[in-house]
Each structure stands twice: as structure tokens, then as C-alpha cells.
Amino acid sequence: MSRIESILSRLEKAGKIGEDAILVLILTTMILLAAGQIILRNFMDIGFIWADEMLRMLVLWLAVAGAVAASRNDKHINIDVLNRFLPERMALVVKVLVHLFTAIVCGSVAWHSLAFVQMSREFEDVLLGRIPAWILQAVLPVGFGLISWRYGVFTVKEVLRLFHKARPA
Amino acid sequence: MIVVGPILILLALLGAPLFAVIAASAMFGFSREGIDLQAIAIEFYSIAEMPILLAIPLFTFAGYLLSESGAPRRLVRLTGALLGWMPAGLAIVSLAACAFFTAFTGASGVTIIALGALLFPALQQAGYPEKFNLGLVTSAGSLGLLFAPSLPLILYGIVAEIPVEDLFLAGILPGFLMILLLSGYSVWKNRAVRVPLSDFSWKEVRSALREAMWEIPLPIVVLGGIYSGYFAISEAAAVTALYVLIVDVFILREISLRKLPDIMRESMVLVGGILVILGMSLASTNYMIDTGVPQKLLEYVSLMVTSELSFLLLLLLFLLVLGAILDIFSAIVLVVPLILPVAMQFGVDPVHLGIVFLATMQLGYITPPVGLNLFIASYRFDRPVVELYISTLPFFIFLLIAVAIITFWPGLSLALLG
């Protein structure tokens with residue numbers, strides 16, 4: 001058990017650092033590109049055809065990366081009406097159900113996004129001039145796969161806690 | 001099959017992430033119609049086909065940066081210099097400063113944390129009753145949501161497919177009405193104390209202006225740029241983000257480079273949370289429109305109401321309930337596509353509908369039992385949440401009056417549109 005836990009926690013730590021780095025990179029690029037485009041267009045009369053498309057791609061990437069980051073501490077927007085009023089143990093059971101549901105849904109979204117990406121690869125769609133579209137679209141299966149993984153880990157941890165509480169050793 | 005809907009609703013009420021609930025319902029709908037489930041990815045992917053969405057991460061980041069810098073303190077000082085001479089000066093200063101700040105931070109609860117922490121002790125010290133102060137700071141945390149360039153206004157424009165610039169204009173008078181009513185209440189409530197904050201002094205105004213010289217260009221550039229047609233919304237957002245970044249990190253040096261990644265991350269968690277709901281609801285909305293949900297809704301509503309006026313009343317009641325359980329962002333992306341066609345059938349202007357929608361959802365922030373601002377304030381000021389239910393009640397009532405006026409007087413929203 002403890003070995004699994006230590007591997008999990010190391011994965012978690014690596015994930016956190018990578019995730020933060022990606023978020024910072026996307027947002028910084030976005031700010032510089034969006035602002036730079038305005039400056040170039042207005043003061044030097046130069047425009048990039050690919051800049052608009054790239055910015056839209058960055059929004060998609062940021063949306064997914066942000067969603068992955070939000071799943072780190074289960075910070076996704078939710079309705080929290082009933083949970084506040086449930087007894088502790090019951091709340092834990094509910095959490096297991098809700099997190100398992102989220103893991104399954106995200107896993108399914110990841111799976112079907114993968115099919116979408118493969119299709120785009122077969123059709124050889126191209127974005128930003130010459131980059132294969134599927135590389136940029138791959139953020140969908142990867143992102144939702146990661147969210148699914150996170151909620152899967154939550155579920156396992158909560159189930160363990162539930163048993164731990166049931167049988168205090 | 002019939003049980004799926006209630007199960008999903010139950011899961012949502014039990015705290016499942018809303019995007020997952022929406023995704024599940026969309027996928028369930030697709031599979032029932034025999035549509036390949038790849039559709040969910042294709043719909044989500046259309047996030048990359050809406051250029052205006054760029055404004056959301058950029059404005060949100062700028063707002064988070066501002067709230068971590070010295071800007072809240074400077075804003076309070078400047079508002080104090082300009083409005084502090086009025087009776088109940090500090091209370092009015094608080095309302096105005098919060099509204100202004102929320103317009104830039106997008107009503108994410110940041111206002112209470114950034115400004116409330118400054119204003120609450122100041123109000124206490126000035127001798128206002130504690131219950132009043134708690135209520136004021138908590139309610140003011142979502143004031144200003146109707147002022148440009150607030151995030152909900154932009155999101156409504158995107159979802160309803162109407163020009164965001166129109167919404168920016170339409171929100172001005174209703175937003176002022178809210179501030180005016182709450183200010184009036186504050187003056188009347190504190191008629192016994194009625195302490196002006198300070199005498200008006202040009203010297204103080206000058207010095208406060210000088211101190212805030214880096215922030216003052218912001219609203220001018222953003223709003224001036226948008227209204228003059230010089231900037232698109234997303235361009236204004238880009239300029240704002242870069243400008244705030246340079247000023248706070250490199251010129252004033254109030255935010256260290258080391259702290260920057262944390263602020264970026266924190267703001268993007270909110271953005272990711274909103275956009276993932278938007279992406280999933282693009283799929284579920286399309287499915288619902290294809291299967292004729294708005295038409296059914298229209299038929300159903302037509303049974304109950306016949307005129308624009310009675311429709312608006314029904315809408316108001318519905319939105320009050322909605323606002324109590326759903327956050328403003330999810331409510332916009334989920335509900336607007338369904339009620340907009342119905343509202344237009346009853347002769348409601350889409351811009352007016354937007355202002356009514358957001359004004360009512362603003363009330364949701366302080367509606368018990370689960371209004372977000374109640375919990376943020378409870379946490380921030382270390383008070384039991386029930387105490388906040390009570391202290392925000394008078395403010396809630398005055399805001400409700402404002403919302404009713406906004407709802408039944410479309411001219412107030414549409415006057416500036418010409």
C-alpha cells in the first residue's frame with residue numbers, strides 16, 4: 001500500500017510542476033502574441049495570418065489545461081447544496097460516488113476525443129499553415145484523460161479512507 | 001431511460017462537477033439519437049472557433065493581478081477623496097470602490113477578499129454597526145457585475161450571440177441604480193452616525209490621483225478603446241493584461257516574479273472551470289435545440305402567461321430560484337440558449353434579457369443558503385454563515401427592488417443604446 005501511495009504522490013508532484021509550467025507558458029504566449037499583434041498591426045502595418053488561429057488554439061489549450069489544474073484540488077464549479085448538511089461518513093460515501101461518476105464521464109470524453117483526433121489524422125487536416133491538426137487537437141484526449149485519472153485517484157483514496165474508518169486498527 | 005435525468009440532477013446537487021454532469025447528459029442524448037459520441041469532442045473543439053473567448057483568460061488574469069497588487073488600497077483612497085465628504089461617506093466609498101473593482105475582476109469573489117479586507121476594519125473603526133458592515137461588504141462583493149468589462153457580460157454576449165459592446169452600454173444605468181439604492185439605504189440606516197469620512201480637499205484628490213496614476217489609464221483605455229471602435233473586446237483584454245503585468249511586476253514591483261506563476265495558475269483554474277462548462281454545454285445545448293426543447297418550453301410557458309409583463313414576472317421568479325442554486329457562469333451557458341428564443345417570442349429584447357439575467361444572478365451571490373459571497377465572507381471574516389444571512393438581508397431586499405425595476409423597465413437598460 002505505502003509503495004503505491006509513494007508512487008502516486010511522486011506522480012502528483014511531477015504533475016503539479018508540469019501543469020503549472022504549461023499554464024504559465026500558454027498564458028504568457030497568449031498575452032505576448034495578442035498584445036504584440038495589436039502593436040505590429042497599428043504601428044508597423046504588419047499582420048500575421050496565423051496569429052489569430054494560433055490564439056484561438058491557445059484558448060482551447062488553456063481551457064483544457066485550466067480544467068486539469070482545477071481538478072487537482074477538486075476545484076471545479078459545482079452545486080454544493082446537500083453535502084454541507086450530510087453527516088461525515090455519508091458525505092464520504094457521496095464523494096466516492098460523485099468522483100467515480102466524474103472519472104467515468106471524463107474517461108469516456110477522453111476516449112471519444114481520441115477517436116475524433118484519429119479521424120482528423122486520417123483526413124490529414126492541417127492548422128496554422130502546415131502543422132497537422134491532430135497534434136493540436138490531442139490536448140482533448142490527453143486533458144480529459146488526466147482529469148479522469150485525478151478523479152479516479154480521489155475515488156480510490158476515499159474508498160481507502162472509508163474502510164479505514166470502518167475498521168479502526 | 002427516464003431515470004437518467006433525475007439521477008444526473010441528483011449527482012449535480014450532490015456536488016458532482018457541473019461540466020461532468022453536462023457532458024454525461026449530452027453524451028446520453030447523442031447516443032439516444034444514434035449520433036456518434038465523437039460529437040462531444042467536435043462540439044468542445046468549437047471553443048477554438050470563437051475569437052472573442054480570448055477576452056476571458058486575459059481579463060481574468062488582469063483582475064487577479066490587480067487584486068494582488070496595491071491597486072485596491074489606491075482605489076479606496078481615491079474613491080475616499082472623491083466621495084468621502086458625503087454623509088455615510090465611507091459606506092458609499094465602499095460601494096463605489098467594490099463596484100468598480102468587480103467590473104474588472106469579474107465577480108469571482110475576489111472583491112470581498114481584496115477590498116473587503118481593507119474596508120471592513122475601516123468601517124468598524126469609523127463607528128458603523130458591525131452587522132451593517134458585514135452585510136455591506138458581502139453584498140458589495142458582486143456589485144459592479146453590470147459594468148464593463150465584467151466577465152458575465154462578455155459571456156452572456158457570446159452565448160446569446162449579441163454584440164458585447166451593446167451589453168456594456170446597457171449595463172451602465174441599471175448598475176448605477178443598484179449603487180444608488182444601496183447608498184440611499186446606507187445613508188438612511190446610519191442617519192444617527194452619518195459620519196462624513198473627511199472634508200473634501202483638492203489636495204487629497206490630487207495626491208490620491210498621483211498615487212493611482214498607473215491605474216487611471218486602465219478604464220480609459222479599455223472602455224474608450226472599445227466604445228470608440230478602436231479595439232475589439234479581445235484586443236482591449238490583451239492590452240489590459242499586458243499593461244497590468246508590466247505596471248505591477250516591473251514598474252511598481254508590487255508583485256514579485258516568483259509569485260507570478262501562482263497568480264497565473266489561480267486565475268486559470270477559474271478560467272478552465274468556466275470554459276470547460278461552456279465547451280460541454282455547447283454540446284448539450286445543440287442537442288436540446290435539435291430536439292426542440294425551446295419550442296416545448298415556449299408551449300409550456302404560453303400556457304401560463306400571455307403578455308410580456310407576465311412573462312417577465314415568471315422569468316424573474318425562475319431566475320431568483322436559479323441564482324440560489326447555480327453560479328452565474330454555469331447559469332449563463334446552460335439556461336440562456338433555452339430561454340432566449342422564448343423571451344424573444346414574448347417581445348423581450350435580448351439585451352434587456354441579458355441585463356435582467358445578470359442582475360438577478362447577482363442576487364444569487366447573497367441568496368441563502370448557498371450564495372457564494374456568503375461563504376467567502378464567512379471564511380474571510382471568520383463569522384458563522386447564519387450571521388451573514390441576517391446581515392445581508394436588508395441589502396438583499398434593496399437589490400431585489402433594483403432587480404424588479406430593471407426587469408419591468410426595459411428602457412433603463414436600452415436607453416443608452418439609442
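**Ground rules.** I am working with a predicted model, where local features need pLDDT of at least 70, side-chain atom pairs count only at pLDDT 80 or more, and totals for chains, interfaces and linings use all residues. Residues are numbered from 1 along each chain as its sequence is written, chains are lettered from A and ligands numbered from 1 in the order written, and side-chain values use heavy atoms, with hydrogens and water left out.

**The interface.** I looked up who takes part: 57 residues from chain A and 57 residues from chain B are in contact (heavy atoms within 4.5 Å). The two chains bury about 5,000 Å² between them, 80% of it on carbon and sulfur atoms; that is the accessible area (1.4 Å probe) lost on putting two parts together, summed over both. On chain A's side, Ile77(A), Ile79(A) and Phe101(A) supply 15% of the area it buries against chain B, more than any other three residues.

I noted Arg265(B) with Asp20(A), whose closest N and O atoms are 3.4 Å apart.

**The core.** Next I went to the largest nonpolar core, which has 212 residues. A core here is a set of buried Ala, Val, Leu, Ile, Met, Phe, Trp, Tyr and Cys residues joined through side-chain atoms within 4.5 Å, where buried means under 20% relative accessible area, exposed over 50% and partly exposed in between (1.4 Å probe, protein chains only). Leu140(A), Phe144(A), Phe61(B) and Phe357(B) touch the most other members. I followed Phe144(A): beyond its neighbours within four places in sequence, its contacts include Cys106(A) and Val109(A) in chain A, and Phe19(B) and Met280(B) in chain B.

Ala148(B) and Pro149(B) are joined by a cis peptide bond, with omega about -5 degrees. Pro149(B) sits in the loop between helix H8 (130-140) and helix H9 (151-160) of chain B (helices are DSSP runs of H or I, at least four residues, numbered from the N terminus).

Asp74(A) has a positive phi, near 55 degrees, and lies in the loop between H2 and H3 of chain A. Its relative accessible area is 24%, so I put it down as partly exposed. Glu161(B) also has a positive phi, about 55 degrees. I place Glu161(B) in the loop between H9 and helix H10 (164-170) of chain B, and at 71% relative accessibility it counts as exposed.

Notes
A salt bridge is a side-chain nitrogen of Lys or Arg within 4 Å of a carboxyl oxygen of Asp or Glu. Helices (H or I, at least four residues) and strands (E, at least two) are DSSP runs, numbered from the N terminus.
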